[in-house]
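Here is a short report on side-chain contacts. Have the sequence and the model open as you read.

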Amino acid sequence: MSRGLSLRRVGGAWVLLSFAAGMIAATLWLGSVRAWDRHLLQAYAAGFTIYEALRQDVPPGDRVTITPLAPDNAAMATRGEFARLPDTPRPAYVTNISILIRPASPTDRAVLTLGIVSDELVYPISDIVVRGDPIPAGRLGQVTRLLASYCSTPIIFARYADKPWQRIDGAAVWGCDAAPKDLRVPAALAAVIALAALLTHVANTTASFQTFARALRVRRRFGGPESYEIEGPTELRDIVAAVNAHLQAERAQLAQRAMVLSGVSHDLGTPATRLRLRAALINDADLRGKLEADIDQMTDMIESVLTYTRSEINAEEPRQLSLTSLVEALVADYQDTGRPVSLRHQDPVVIEGGASVFMSRRGHSHMPDERRVLVTARPISLQRAISNLIDNALKYGRRAMVELHTDAETATIIVEDEGSDYSAAEIEHMMAPFERGDNTMNIAGFGLGLTIVATVAQQHGGTLRFDAGAKGLRALLSIQRR
C-alpha cells in the first residue's frame with residue numbers, strides 16, 4: 001500500500017491557505033472601501049473649492065474647470081433650458097437644485113442655482129436638500145459627493161446669486177475614470193473559491209472514510225474482498241491496513257476452526273461406523289437401540305457444530321431471490337410431511353381511487369395477491385435459519401404459524417408457536433451457544449439453533465428478537481432487503 005499525505009499536514013496546509021486567502025480577501029475589501037471613502041471625501045472637498053471659486057471669482061484648481069457661458073447660452077440657462085446648451089451629454093437628463101446662500105441682510109436671499117446635465121440619470125437630491133450641511137459650501141460638497149458616487153460624467157451649470165452663469169467640468173473629480181477600482185467583487189470571489197476548495201477537500205476526505213465504512217458495513221451481508229485498498233490520507237490507510245490484518249487473522253482463525261472440526265468429524269466417522277456394526281451384533285434390542293441413539297447424538301452434535309462454523313465463515317454468495325417463494329416452499333415441505341405448519345397470508349392492500357364526474361363514490365381496488373418480496377440474501381443460510389425457528393416452534397409448542405411482513409427497507413419472517421412455556425426474555429437468553437432451557441431433557445438438540453439464526457440475521461444486516469403473540473411466542477427474523 002502506497003503512502004499518502006498525512007491528514008494533519010494536508011489539513012494544516014489547507015487551513016493556512018484558507019487563512020491567507022481570507023486575509024487577502026479582507027485586505028482587498030477594506031482597501032477598496034477605504035479608497036472609495038477617500039474618493040468621496042475628495043469630491044466633497046471639491047464642492048467647497050468650487051463654491052469659493054464661484055463666490056470669489058478665483059480659479060478652482062487643476063482638477064476642475066470653470067468657464068463662463070456666452071450671453072445666448074446664459075439666456076437659455078436662465079430659462080432653465082440646460083438640455084439645449086451646446087457640448088452637453090446626449091441624451092440629456094437635467095437635475096435642478098437651488099442652494100440658499102446665507103443672506104447679507106434680511107431682505108437679501110441670494111441663491112446658488114445649479115443645473116446638472118447627465119446622459120444616464122436624474123440624481124436623487126432629496127436627501128441632500130432635507131439632511132444636508134447647514135452651510136452652503138457643505139451642501140455643494142454633498143452634491144459633488146453624490147455625483148462621485150455614480151459612474152457618470154455630468155456637466156454642472158452654476159450661477160452664484162446675480163453673477164454670470166458658469167460651466168463646471170469636474171470629470172477628474174467625480175467622473176468614472178476618477179473612481180478607484182472596486183476590488184470587493186474579486187475579493188469576495190477569492191474568498192468563495194478558497195472556501196469552496198476547502199469544503200471540497202473536506203468532502204473528499206470525508207467521502208473516503210465513508211466509503212470504507214460502507215464497505216465494512218456491507219461485508220457481512222454481501223461478502224467482501226480479501227483486503228481493502230482505499231485512496232486517502234495516511235491515517236485512513238493505516239486504519240485500512242489494520243482492518244486488513246484483522247480480517248486476515250479472523251479468516252485464518254475460522255478456517256483453522258473449521259479444519260479442526262472437519263478433521264474431528266472425519267476421524268469420528270470410522271469409529272462411529274465400527275460402533276454401528278458392533279452394535280448390530282448385540283442381541284439385546286434395548287441395549288442396541290441405546291447404543292445407536294448415542295452414536296446418532298454424537299454425530300449430530302459434530303454436524304451441528306460444523307453447521308454453526310460454516311455460518312460464521314459466511315462462504316455462501318448472496319443473490320437476489322423471492323423471499324415469498326422461499327417461505328412458501330419451506331412451509332409446503334413441512335406440510336408434505338404432515339407437520340402442523342401453516343402460512344398466514346397478508347390481507348390484500350386496498351387502493352382508494354378518486355371520484356369521477358359520473359359517480360360520487362370513490363372506487364376501490366386491490367393489489368394482486370401474487371406480490372413477490374425480492375431480497376438480496378444467501379438462500380441456503382436463510383432457509384436453515386427459518387427451518388430452525390419452525391423446528392423450535394414445533395418442539396416447544398404444538399404448531400407453527402409463519403407470516404411475512406415487509407416494508408421498503410426490511411423483510412420480517414414471523415414464526416409463532418402455540419402453547420410455549422417460555423417468555424421472550426428466556427428465549428433471548430438461549431440465543432447464546434449451547435444454551436438450553438430447563439425443560440428440554442426429553443427434546444433433542446444441542447443449543448445451537450437460535451445461535452445460528454442470530455448469526456444469519458446479522459449476516460443479512462438484520463436482527464432476531466422475540467415477543468408475545470396471540471397464542472404463544474413469536475420469533476421475528478428481520479433482514480435488509482438490499
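A residue counts as buried under 20% relative accessible area and exposed over 50%; partly exposed lies in between. Lys163 has a relative accessible area of 24%, so Lys163 is partly exposed. The model is predicted.

Lys163 meets Asp57 in a salt bridge, 3.7 Å from N to O. Asp57 is exposed, at 57%. This bridge links distant parts of the chain, 106 residues apart. Asp57 lies in the loop between helix 1 and strand 1, and Lys163 in the loop between strand 4 and strand 5.

## Other salt bridges

The whole structure holds nine salt bridges. One of them joins Asp182 and Arg184 at 2.8 Å. Asp182 is partly exposed at 42%, and Arg184 is partly exposed at 31%. The charged end of Arg184 also sits over the ring of Trp29, 6.0 Å from the ring centre.

Arg474 and Asp467 meet at 3.1 Å. Salt bridges also link Arg79, Glu81 and Arg84 in a network.

## Aromatic pairs

There are five aromatic pairs. The planes of Tyr51 and Tyr160 stand at 75°, so this pair is edge-to-face; the ring centres are 5.6 Å apart. Tyr51 belongs to helix 1 and Tyr160 to strand 4, 109 residues apart. Both residues, Tyr51 and Tyr160, are buried.

Phe82 and Trp165 also pair edge-to-face, with 5.5 Å between centres and 65° between planes. Phe82 is in the loop between helix 2 and strand 2, while Trp165 is in strand 5. Phe82 and Trp165 are both buried. Ring pairs join Phe82, Trp165 and Phe157 into a cluster.

Definitions and conventions: Residues numbered from 1 in each chain as written. Predicted model: local features only at pLDDT ≥ 70, side-chain atom pairs only at ≥ 80, totals over all residues. Heavy atoms only, no water. Phe/Tyr/Trp six-rings, centres within 6.5 Å; stacked < 30°, edge-to-face > 60°. Helix = DSSP H or I, 4+ residues; strand = E, 2+ residues; numbered from the N terminus. Buried < 20%, exposed > 50% of the residue type's maximum accessible area, 1.4 Å probe, protein only. Lys NZ or Arg CZ within 6 Å of the ring centre and 35° of its normal. Salt bridge = Lys/Arg side-chain N within 4 Å of Asp/Glu carboxyl O.
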